[in-house]
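Please keep the sequence and the model in view while reading.

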Amino acid sequence: MEDLRLCDSEYRFMTLVWEHAPIGSGQLAALSQKELGWKKSTTYTVIKKLCGRGFIRNEHAVVSVLVPMEKCRAVESNYFIERTFGGSLPDFLASFLGSKKLKEEEAEALKRMIDTYRETD
């Protein structure tokens, strides 16, 4: 599957699927109506579309996840940083933090994370 990007409504729907899967398609339609205000036909249309794109599977009226939330979040985050900050993670962090101050434990956690992903020669 090449395109792992989701439009906003698809992402909101997938959030329900990630949280509740495996889930019966009827239950998912009811949940979508309650949480998203969708009609049953809308839910089934989106299920079919996302099955076709390889995000979910609907077998025997049970919807299950094929693409984990973490993978979609990574794709969305990378796209946003590339489009908005020219791919510069430092520019993104500077903009995100603005004038906020980090607590010592937050700064240490970020340092550890950076060390984990640091390129080595």
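Which residues have the most contacts inside the largest nonpolar core? In this predicted model, they are F13, M14, L28, L50, F55 and I56, and the core as a whole has 20 residues. Two or more residues are given to this core by each of α1 (8–20), α2 (25–36) and α3 (40–52). Helix α1 gives the most, with 5 residues.

The surroundings of L50 illustrate how such residues meet. When neighbours within four places in sequence are left aside, L50 is in contact with L6, E10, F13, M14, F55 and I56.

**Helix packing**

Two packed helices are described by the angle between their axes and the distance between the axes. The table gives these values for two helix pairs.

| Helix pair | Angle | Distance between axes |
|---|---|---|
| α1 and α3 | about 90° | 11 Å |
| α4 (69–85) and α5 (89–97) | about 90° | 9 Å |

Helices α1 and α3 are therefore roughly perpendicular to each other. In their contact, E10, F13 and M14 of α1 meet T43, V46, I47, K49 and L50 of α3. By class, the residues of this contact divide into 5 nonpolar, 1 polar and 2 charged.

Helices α4 and α5 are likewise roughly perpendicular to each other. Their contact is made by F80, I81 and F85 on the α4 side and by L89, D91, F92 and S95 on the α5 side. The contact of α4 with α5 has 5 nonpolar residues, 1 polar residue and 1 charged residue.

**The sheet**

The model also contains an open sheet of 3 strands, in the order β1-β3-β2 and with antiparallel pairing. Strands β1 (23–24) and β2 (56–59) stand at the edges, and each has a single partner strand, so one side of each is left without a neighbour in the sheet.

Strand β2 pairs with β3 (residues 62–65) in the antiparallel sense over 4 bridges. Within this pairing, I56 stands opposite V65 of β3, and R57 has S64 of β3 as its bridge partner. Residue I56 is also one of those with the most contacts inside the largest nonpolar core. The antiparallel pairing of β1 with β3 runs over 2 bridges, and here G24 stands opposite V62 of β3. Helix α3 lies across β2 and β3, running at about 115° to β2.

**Backbone details**

Most residues other than glycine have a negative phi, and most peptide bonds are trans. Where in the chain does the backbone depart from this pattern? The hairpin formed by β2 and β3 has 2 residues between the strands. In the loop between these strands lies H60, a residue other than glycine with a positive phi near 55°. Residue H60 is exposed, with a relative accessible area of 81%. The loop between β2 and β3 is also the place of A61, whose phi is near 65°, again a positive value in a residue other than glycine. Residue A61 is partly exposed, with a relative accessible area of 43%.

A further detail concerns the loop between α1 and β1, which is the place of P22. The peptide bond from A21 to P22 is cis, with omega near -5°.

Key
Residues are numbered from 1 along each chain as its sequence is written. This is a predicted model: local features need pLDDT of at least 70, side-chain atom pairs count only at pLDDT 80 or more; totals for chains, interfaces and linings use all residues. Side-chain values use heavy atoms; hydrogens and water are left out. A nonpolar core is a set of buried Ala, Val, Leu, Ile, Met, Phe, Trp, Tyr and Cys residues joined through side-chain atoms within 4.5 Å. Buried means under 20% relative accessible area, exposed over 50%, partly exposed in between (1.4 Å probe, protein chains only). Contact means heavy atoms within 4.5 Å. Axes are lines fitted to C-alpha atoms, for helices over the stretch in contact, and angles run from 0 to 180 degrees between N-to-C directions. Angles under 35 degrees count as roughly parallel, over 145 as roughly antiparallel, 65 to 115 as roughly perpendicular and the rest as oblique. Ala, Val, Leu, Ile, Met, Phe, Trp, Tyr, Cys and Pro count as nonpolar, Asp, Glu, Lys and Arg as charged, and the others, Gly among them, as polar. Two strands pair if DSSP finds at least two bridges between them.
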